[in-house]
Amino acid sequence: MRTFAKAISILFIVILTGCWDRNEINDYAFMIGDALDVTDEGELQKSAQIAVPAGFKSTTGEGGNAQRGNIVLSVTGTSIVDLTQQLQDKLPRKVFLGHRKSIFIGEKLARKGLADIMDQFTRNTDTRLRTDIFVVNNRAGKDVLDINSPFNKFSAIVAVDQDRYCRLGDTALRDVLLDLGRDGIRPTMPMVDISPLNKQEANEIFEVRSVAIFNKKLQMVGEVSNRESLELFWVKGVLQNQYLTFQTDKGVVSLYESNLTKKIRTEILGDKLKVHVYLEGTGRVLENNTAIDMSNTAERVPVEQMLNEMKAKQVKGTIKKIQQKFGQDVFGFGEEFHREHPYKWKEIRGKWDELFPTVEVAVTVKLKIQNTGGVGKRIPGLGDKT
Amino acid sequence: MDQGIPVNVSERLTVNQAALQTIFHNCADIMIRTLQRSDHSSVMLVYIEEMTDSRELEQIISACMISHDFERLTQYKIVTRLSDLVAKILKGCTAILIDGKPYAYIADLTSFEQRAINEPSNEASIRGPREGFNENLRTNLSMIRRKISNSQLKFESHQAGELTNTDFVVAYIEDKVKPELLEEVNRRLQTFKANQLLDSSYIEEYIEDKSFSLFPQIQNTERPDTVSSGLLSGRVAIIVDGSPNALLMPMTFWSGFQAAEDHYERFIYVSAVRILRFLLAMMSCLLPSIYVALTTFHPQMIPLALMLSISASREGIPFPTVIETLLMELMFEGLREAGLRLPKAIGSAVSIVGALVIGEAAVQAGFISAPIVMIVAGTGIASFAFPSYSLALPFRILRFPLLLLGGFLGLYGVAIGLMFILIHLVTLKSFGMPYLKPAAPFNKHFWKDAIVRMNKRFESAIKRQ
C-alpha cells in the first residue's frame, strides 16, 4: 500500500507540473513575418506572412512550380492581440509566433507612434526578442510581405538576410527595446525601400539603405540614408566595416575599411556640453585610379591624412544634420555623459532632448591603410609617373 | 547412493564391477572393460570412450597386461571412495581397478573434440591479439596463464551445480586484488544454489548486486587479453567450463565503453573514438525522444529552415509523431531481432524487406515522414557503436520509456526520465565499487582511463615521481 501511494504521488508530481501543450508540428501556422499599418480610418491593420508547408514540399520532384509557399492575410482592429485572434479565425491551424523573423512597420504608423504596439511585444512571452524590426519607407508594411523574392519564399526572411549584408546593423526588437529603456539614446530602425528603379523586378526585390530615427515617444521623426546612415551606425558603434570611396585631386580611391571602432569622450565646460568622437579603422585598397603608390609611406601618409580630414568633416556634418533637423540623440551621447558624469547627468537627463542639439561635437577619424591590395602601383605602364 | 552400493572401493573386483554397473546402468557412453591378465588376475578399465584418447588407452592396456606393479606409474592418482571414482569417470578420466587392491587408479587421458580457438566474434579487434575463449576451461585458463606468467596469478577451482557438476575457476592476482573484494566474491558464490550451471550467466545472475537493474554490473568478455588486463588491475574473473564468456567484476559504467583495442591503438585516436562512442550512446537513447519532444512541444527550439522542412514532410501523415516514431522503432528492433538468428540464405531477404519497411517506400506510401526514417536509422547506427553488447541493451530498452515520456510531457518528461536513470546509476554499486566511478565520485583517474585514455608513458612517468 505504501509503495502504491508513493508511486501514485510520484506520478502526480510528474503529471501535474507537465507541459500539456502538445501539438503536432503540422497543426501550427507558422507566422514568418508580420506587418503593422494604420488604415485611412485610423484603425490598426496587421498583415501576416504565414508558411504553407505543402507549398514547398516538392522542391526536388516536379520543379518549376511557382508556388509561393506562403499566404499573406490582413485584418484590421484595435489591439495586437485582437488582431492575432482575428487572424486565427481565418486559419485552420494554430498561430505560432515563436518563429517570427521580422516585423515591418508602415511609415504612416511609424510617424504616428509605436508606443501602443510595443507593449504587446514586451509583455507577450511568445514573442522572440531576436525578431528584426523594419520601417517601410513611404509604403505600407504589407507591401513588403507581398514581395515574391526569387531567393527565398519568405520576403520576411529576405529582409533579415539583406539587413546583414547591407551593413546597416542588425536591429532586432531587443535592441529597440534596450534603447527605449535608456534616457541617453533614442532608437533607430533600418528602413526597407520598395525599389522604384527596377521596374521589372518591382515585386521581387527591395532595398535596405536608410535608417529611421525615433523620438522618446517612439514616433518616427525622420530618416537618413546611404552614407549618412552608415556614419550614424559607425558613431553608434554597430557598424563593423564599410566601403569608402573618396576623391583626391588626382583621382578616385576606394577602400574597404574594417575593424571599425568608436570611442566617445564627453566634457562639461560650465553650461556647455562637448563630445569628442574618435573613430578608427584599418583599410585595404580596392581601387586606385590615381598615380599614388600606396606602398610608399611618403605617398600614403598624405592620402591617409586627407582621408581622415574628409571623413571627419563628413561625420561631423551628419551629426550636425541629425542634431538640427531631428534633434534626437540616436548616437547615445547621453549614455556617455551618464557614464562619465553620473551626477551631472541626473540634472540634465530630463531635458536631454532640448540639450542634445546644442552639444558641441568634435570628430577625429583615424583610418589606416594597411594593405595595398593585390598590387602596389597601378597596372604597369598605365598612369605611371615617368 | 542406493543401498547395497559400498562407500569405498572394494578389494574384490566383482563387487566393484557390480556397483559400477548399477550406478552406470543405461549409460551407453560408459565403457566397463574387464581384462584377463596372463596370471589370471583381472583388471577393469572404466572410461567414456568419446572422451578418452584411444592411443594412450591402448598403451595403458598393454602396460596392464605386462606389468604387475602399478605403484611406479606415478602419474596416476589413487582414489578409494567410490563416489570420487564415479565423479572422475564422469569428467572423462579413465579408472583402472585391479583385483585385490582396495583402491582405483585414475588416469587423465581426456581428449575430446573442442571448438578451435577463434577470433571472438562479438569483440573483434583490428589491432591486438585475435584469440578468444572457447568452451574448454583448461584451454581458457592456459590462454590467461600464457599472458600472465607469474605465480601470483591464482586459479581457485570450484564446482557447482548439483546435477551438472560444472567446474569453474575464480581467477585473481594475489598482489593486486583487494582481500575484501575476493572475500565478497567468495561469499556471494556460496549463495549459488542452482542444480545446473550451463553458462557463466547463471553465476552472474546470482552474484550481481541488483538483479532488477537494467544495467549489467558484471562485465563479460570472450577475450583473454581483456580478462588479463582486468586481473592486472585488481579485478576478479570467473571462468566457467563450457562457457566462452568470462565474468569480470567489479564493473563500472565506463568499462562498457572500452574496447580491448583501446589499449593497443594510439591514445589520441582512442580518446577521440571513446568520446564519439559516448555521444553515440547518448544518441541511441535520446535521439527519438528529443525529436518527438521538440517537434510536438517546443517547435520554437528548432531552427526555422529545418522546422519548415520537417513540417512540409509531415503534411498528410496520418499518425501523431510519437506513434510514428514508436512504430518505426519497434519495426527496427523487430528487424534486428529477426535478422539475428536467421540462416544466411534468408537473412538477405529480411534486409531487403527491412529496407522497404524502414525506408523510402514507407515515406512514399505516406505512412511515415522522412525525418522519422532518418531518426530511426541514426538511432540504429548509434546503438551498434557500443563495444559491449550487454551495455547496449539497457540503452536500447530505455529508449522506449524515454520516447513515451518525451511524447507525453515534452523535454520536461525526457529530463525527468534522465533524472531517474541518473539517480539509479549513481546509487548502483558493483561489488562495493560505485558504478559511475571515476566520474561520480570524481577523481583524477577519470582522465586516465574512462572517457579518454592517457598516454601510457606519460602515466607511468607521473607514477614514478
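These notebook entries record what I looked up in a predicted model with chains A and B.

**Entry 1: conventions**

I noted that this is a predicted model, in which local features need pLDDT of at least 70 and side-chain atom pairs count only at pLDDT 80 or more, while totals for chains, interfaces and linings use all residues. Residues are numbered from 1 along each chain as its sequence is written, and chains are lettered from A and ligands numbered from 1 in the order in which they are written.

**Entry 2: domains of chain A**

I looked up the domains of chain A and found domain 1 (21-226) and domain 2 (240-386); such bounds come from an automatic or database domain assignment. Taken over C-alpha atoms, the centres of these two domains of chain A are 33 Å apart. Domain 1 of chain A gives 14 residues to the contact and domain 2 of chain A gives 17, where two residues are in contact if their C-beta atoms, placed from the backbone, lie within 7 Å.

On the domain 1 side, the elements of chain A that give two or more residues are β8 (207-214) and β9 (220-225). Here helices (H or I, at least four residues) and strands (E, at least two) are DSSP runs, numbered from the N terminus. β9(A) gives the most to that side, with three residues. I sorted the domain 1 side by class and recorded five nonpolar, four polar and five charged residues. Nonpolar covers Ala, Val, Leu, Ile, Met, Phe, Trp, Tyr, Cys and Pro; charged covers Asp, Glu, Lys and Arg; the others, Gly among them, count as polar.

**Entry 3: a helix of chain A**

Which residues of α10(A) are buried? In this helix (residues 333-340), I found A:Phe333, A:Gly334, A:Glu336, A:Phe337 and A:His338 buried. A residue is buried if 20 or more other C-beta atoms lie within 10 Å of its own, exposed if 12 or fewer, and partly exposed in between, with C-beta atoms placed from the backbone. The cover over these residues of α10(A) includes β11 (252-269), β12 (272-288), α11 (342-348) and α12 (352-355) of chain A.

**Entry 4: the sheet of chain B**

I next traced an open sheet of five strands in chain B, in the order β6-β7-β9-β10-β8, with antiparallel pairing; two strands pair if DSSP finds at least two bridges between them. The edge strands are β6 and β8 (219-221) of chain B, each of which pairs on one side only. Neighbouring strands of the sheet are turned by 25° against each other on average, direction ignored.

β6(B) (residues 153-160) is joined to β7(B) by eight bridges, and B:His158 stands opposite B:Phe168. The two strands form a hairpin with five residues between them, and B:Gly161 in the turn has a positive phi of about 90°.

Why is β7(B) (residues 166-173) largely enclosed by the rest of the structure? Six of its eight residues are buried, so the strand is largely enclosed.

β7(B) also pairs with β9(B) (residues 236-240) over four bridges in the antiparallel sense; there B:Val169 has B:Ile239 as its bridge partner. β9(B) in turn pairs with β10(B) (residues 246-249) over three bridges, and B:Ala237 stands opposite B:Leu248.

I saw that helix α5 (residues 179-190) of chain B lies across β6, β7, β9 and β10 of chain B, at about 35° to β9(B). Axes are lines fitted to C-alpha atoms, for helices over the stretch in contact, and angles run from 0 to 180 degrees between N-to-C directions.

**Entry 5: two helices of chain B**

I looked at how α10(B) (residues 321-340) meets α11(B) (residues 344-357): their axes come within 10 Å and cross at roughly 175°. The helices are therefore roughly antiparallel; angles under 35 degrees count as roughly parallel, over 145 as roughly antiparallel, 65 to 115 as roughly perpendicular and the rest as oblique. Among the residues that make the contact are B:Met331 and B:Leu335 of α10(B), and B:Val350 and B:Val357 of α11(B). The contact residues divide into five nonpolar, four polar and no charged.

**Entry 6: where the chains meet**

How many residues of chain B are in contact with chain A? I recorded 20 residues of chain B in contact with 19 residues of chain A. On the chain B side, α8 (267-297), α9 (304-313) and α15 (411-427) give two or more residues. α9(B) supplies the largest share, six residues. By class, the chain B side has 11 nonpolar, seven polar and two charged residues.
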